[in-house]
Amino acid sequence: MTLTVHHLGVSQSDRVVWLCEELGIDYVLKKYDRSPVMAPPEYKALHPLGSAPVIEDGNVKIAESGACVEYILQTHGNGKFGVSPEHKDYADYLYWFHFANGTLQPALLLNLSLSRTGLVEGHEMVKRYDSRRKQILEFVDQRLSRAPWLAGAQFTAADIMNVCCLTTMRCFIQYDLGGYPHILAYLKRVAARDGYKRAMEKGDPKFDIDKLIGAAPPPFYKPARAALQDRGRI
C-alpha cells in the first residue's frame with residue numbers, strides 16, 4: 001500500500017510532507033483547507049481527537065507529527081535523516097528532535113493562547129511567557145552558532161521537526177526573529193533545500209518562502225485575524 005499523508009494547510013503537518021519530499025518516496029498527498037480557522041469536519045473525522053497530521057500506511061493510521069515522522073523514518077527512510085545510537089551526534093539528535101514538541105512549540109502555543117485572551121502587553125503573565133519564548137529562541141540561536149544543523153553537521157529529522165515552529169507557526173503567533181542571526185541563517189539553508197521547496201509548493205503553494213524565513217513574521221493568517229477582529233481581540 002502507498003503511504004497517504006493527510007495534510008491540513010498552514011499547520012505542523014507540513015513536517016510530514018517535507019520529510020516525504022526529502023526522502024523522495026512515493027506517497028499520496030491529500031490536502032485539506034482550514035474551515036475557516038480550525039480543521040474541517042472531514043479532517044477531524046480522521047482521528048478521534050481531530051489531530052493533524054494524520055498518515056495512513058496499509059492498515060496503520062496514526063496522528064502526532066513526531067510519531068508520523070518517526071514511523072516514516074523507520075519504515076520508509078532507509079537510514080536517511082535519522083542518527084544511529086553509535087553516532088557521536090545521537091544524543092544531540094534525540095534532544096533536538098523532541099525539543100520541538102516538548103519545549104519550543106508548547107512555549108509558542110502559550111504565547112498564542114495568551115494573545116487571544118485580551119490581556120494587555122504589560123500584564124505580568126504576558127511578560128513572563130514572552131520572556132520564556134525569547135529565552136528559548138536565544139538557546140536555539142546559540143546552538144546554531146556552533147553547528148549548521150540542530151543535531152550537528154548533518155541535516156536530520158530534528159530540523160524537520162523544529163522548522164515549522166520558526167516559520168508556519170508565525171502565521172498565527174507573530175514574533176520577530178530579528179535578534180537571532182543564526183536562526184535566520186539556518187532558515188536560509190533550509191529554504192535552499194529542494195525537498196523543502198517541493199514540500200511548500202505541494203502542501204502550501206500560497207506561502208511566500210522568503211516571507212516565511214524572514215526576520216519579520218509572515219502575514220497573519222487572514223481567517224484567524226478576521227476571527228480575532230470579530231471578537232475585539234485586535
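What we have here is a predicted model, in which local features need pLDDT of at least 70 and side-chain atom pairs count only at pLDDT 80 or more, while totals for chains, interfaces and linings use all residues. Residues are numbered from 1 along each chain as its sequence is written, and side-chain values use heavy atoms, with hydrogens and water left out.

Let me start with that hairpin, which is formed by strand 3 and strand 4 and has two residues between the strands; there, Gly 58 takes a positive phi near 65 degrees. The two strands pair in the antiparallel sense over four bridges, and Asp 57 stands opposite Val 60 in strand 4. On its other pairing, strand 3, residues 54–57, is joined to strand 1 in the antiparallel sense over three bridges, with Val 5 opposite Ile 55 and with Val 54 as the bridge partner of His 6.

Taken as a whole, the sheet is open, has four strands in the order 2-1-3-4, and shows mixed pairing. Strand 2 and strand 4, the latter covering 60–63, stand at the edges with a single partner strand each, so one side of each is left without a neighbour in the sheet. Neighbouring strands of this sheet are turned by 15 degrees against each other on average, direction ignored; for this and the angles that follow, axes are lines fitted to C-alpha atoms, for helices over the stretch in contact, and angles run from 0 to 180 degrees between N-to-C directions.

Which strands does helix 1 touch as it packs on the sheet? Helix 1 touches strand 1, strand 2 and strand 3, contact meaning heavy atoms within 4.5 Å, and its direction makes about 140 degrees with that of strand 1. Helix 3, residues 65–76, lies across strand 1, strand 3 and strand 4, and runs at about 140 degrees to strand 4.

In helix 8, residues 194–203, the buried residues are Gly 195, Tyr 196, Ala 199, Met 200 and Gly 203. They cover an arc of only 130 degrees around the axis, which puts them on the same side of helix 8, the arc being that of the directions from the helix axis to the C-beta atoms. These buried residues pack against several elements, including strand 1, helix 1, strand 2 and helix 7.

In helix 7 itself, the buried residues are Ile 183, Leu 184, Tyr 186, Leu 187, Val 190 and Ala 191. Seen down the axis of helix 7, they fall within an arc of 160 degrees, so they line one face of the helix.

Ala 107 and Ile 136 are 29 residues apart in sequence and 8.3 Å apart in space, C-alpha to C-alpha.

Finally, for the whole chain, the secondary structure comes to ten helices and four strands, and of the 234 residues, 49% count as buried.

Methods
Buried < 20%, exposed > 50% of the residue type's maximum accessible area, 1.4 Å probe, protein only. Pairing = 2+ DSSP bridges.
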